[in-house]
Amino acid sequence: MLALDIGHPRMGGGRYEIADMVKLAREAEAAGIDLICMPENAAIEEGWDAFTPLTAIALATKKIHLSTSIISIYTRTPLLAAKTAAALDQISRGRLILGLGRGVGSALAAEGIASEKPLTRMREFIEIVRQLLERGTGPYAGSVLRLGAGLQLGFRPYRKAIPIYLGAAGPKMLRLAGAIADGVYLPTIAGRLPRFLQDAVTTVRDGAKDTGRDPAAVKIIRSVYVSVARDPEAARLRVSDFMLYHLAQPSLDAVTGQTTFTAEIGEIRERMKRGDRAGALRLVTSKMADCFAVYGTVSHCRKELSRDL
């Protein structure tokens, strides 16, 4: 499966308007791309919600699949997530993948949201969504989440089983994804880290085996930062600036801790906290950019991506 993530801000600054994303999606569909991924993160000020752009894209395309990648299980209730997902799946005639994740801790904290018991909440959230799609109604009583008997999906879904993918980085969430999800989104920051990728695949497969599932039935999606420009240095600076957000997240320590850049990443985080983005960017060396991203001319990026695949 070949996917294109179009929801983040443009490398080099600015943002994609919804009309831009629709145009890109049409071009991606014509080029044979299988999936459009739309993230949702309140911490990125240029970011959109996931469902509104995907709805516009659904109405403007015919066959390309669509995915939230990801929406936080703390910023929506399971009932609202099920309703919104089922509506978009109906509009797109069965092209939706519902991507769920914990979300970024700093973004949740900025809204006063405590991201407690993520594994339990994720399991129960998925169980409620699936119950609503299958049966259309409650009740559900978990240790963290509940659904009253009178609460309903409210309409007939296009599909009673929308694929659910988990965004996961840590071993516990990866194992849970293997146990209960249809697929997994691995962090983009990990896209060129062979040891992490190998360990993650093993953990997901182990989770599937724990519950008697076929490990091959759980799809694993890997993504990579790509920056294309005629001037390789300009491409490096753009992708380095883009990576700062992820490098600054302690929630991705399971990934970045496997590199030789932990000291530099610690300093990047300190500078980002102080609002010194320019100083943080200067700490992203060419060696670090090579570790995490593909950048340069069109021919160079094609060569690197072909090698990685």
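The model is predicted, so local features need pLDDT of at least 70 and side-chain atom pairs count only at pLDDT 80 or more, while totals for chains, interfaces and linings use all residues. Residues are numbered from 1 along each chain as its sequence is written, and side-chain values use heavy atoms, with hydrogens and water left out.

## Helix packing

Helices (H or I, at least four residues) and strands (E, at least two) are DSSP runs numbered from the N terminus. Axes are lines fitted to C-alpha atoms, for helices over the stretch in contact, and angles run from 0 to 180 degrees between N-to-C directions. Angles under 35 degrees count as roughly parallel, over 145 as roughly antiparallel, 65 to 115 as roughly perpendicular and the rest as oblique. A crossing is left-handed if the near helix is turned anticlockwise from the far one by less than a right angle, and right-handed if clockwise.

Helix H3 (residues 78-91) and helix H5 (residues 118-135) have axes that come within 9 Å and cross at roughly 50°. H3 and H5 are therefore oblique to each other, and H3 passes H5 in a right-handed crossing. On the H3 side the contact (heavy atoms within 4.5 Å) is made by Pro78, Leu79, Ala81, Ala82 and Ala86, and on the H5 side by Phe125, Ile128, Val129, Leu132 and Leu133. The residues of this contact of H3 with H5 divide into 10 nonpolar, no polar and no charged. In this division Ala, Val, Leu, Ile, Met, Phe, Trp, Tyr, Cys and Pro count as nonpolar, Asp, Glu, Lys and Arg as charged, and the others, Gly among them, as polar.

H3 also packs with H2. The axes of H2 and H3 come within 9 Å and cross at roughly 15°; H2 and H3 are therefore roughly parallel to each other. The crossing of H2 and H3 is left-handed. H2 contributes Phe51, Leu54, Thr55, Ala58 and Leu59 to the contact, and H3 contributes Thr84, Ala85, Leu88 and Ile91. The contact of H2 with H3 has seven nonpolar, two polar and no charged residues.

## Buried residues

Buried means under 20% relative accessible area, exposed over 50%, and partly exposed in between (1.4 Å probe, protein chains only). A polar contact is a pair of N or O atoms within 3.5 Å; within protein, one must be able to donate a hydrogen and the other to accept it, and residues adjacent in sequence count only if both atoms are side-chain atoms.

Glutamate 124 is in helix H5 and is buried, with a relative accessible area of 7%. Not counting residues up to four places away in sequence, glutamate 124 touches Tyr140, Gly142, Ser143, Val144 and Leu145. Its side chain has a polar atom 2.8 Å from the backbone nitrogen of serine 143, and a polar atom 2.9 Å from the backbone nitrogen of valine 144.

Threonine 61 lies in the loop between helix H2 (51-60) and strand E3 (65-68), and is buried at a relative accessible area of 7%. A polar atom of the threonine 61 side chain lies 2.7 Å from the backbone oxygen of isoleucine 57, and a polar contact of 2.8 Å joins the side chains of threonine 61 and arginine 95. Leaving aside neighbours within four places in sequence, threonine 61 is in contact with Ala25, Arg26, Glu29 and Arg95.

Glutamine 249 is in the loop between helix H8 (232-247) and helix H9 (253-256). Glutamine 249 counts as buried at 7% relative accessibility. Beyond its neighbours within four places in sequence, glutamine 249 is in contact with Val104, Ser106 and Arg269.

## Backbone geometry

Most residues other than glycine have a negative phi, and most peptide bonds are trans. The table lists departures from this.

| Site | Feature | Angle |
|---|---|---|
| Serine 69 to isoleucine 70 | cis peptide bond | omega about 5° |
| Glycine 138 to proline 139 | cis peptide bond | omega near 10° |
| Arginine 93 | positive phi | phi near 55° |
| Lysine 117 | positive phi | phi about 45° |

Isoleucine 70 lies in the loop between E3 and strand E4 (71-72), and proline 139 in the loop between H5 and strand E6 (140-141). Arginine 93 is found in the loop between H3 and strand E5 (96-101) and counts as exposed at 59% relative accessibility. Lysine 117 is in the loop between helix H4 (105-110) and H5, and is exposed with a relative accessible area of 56%.
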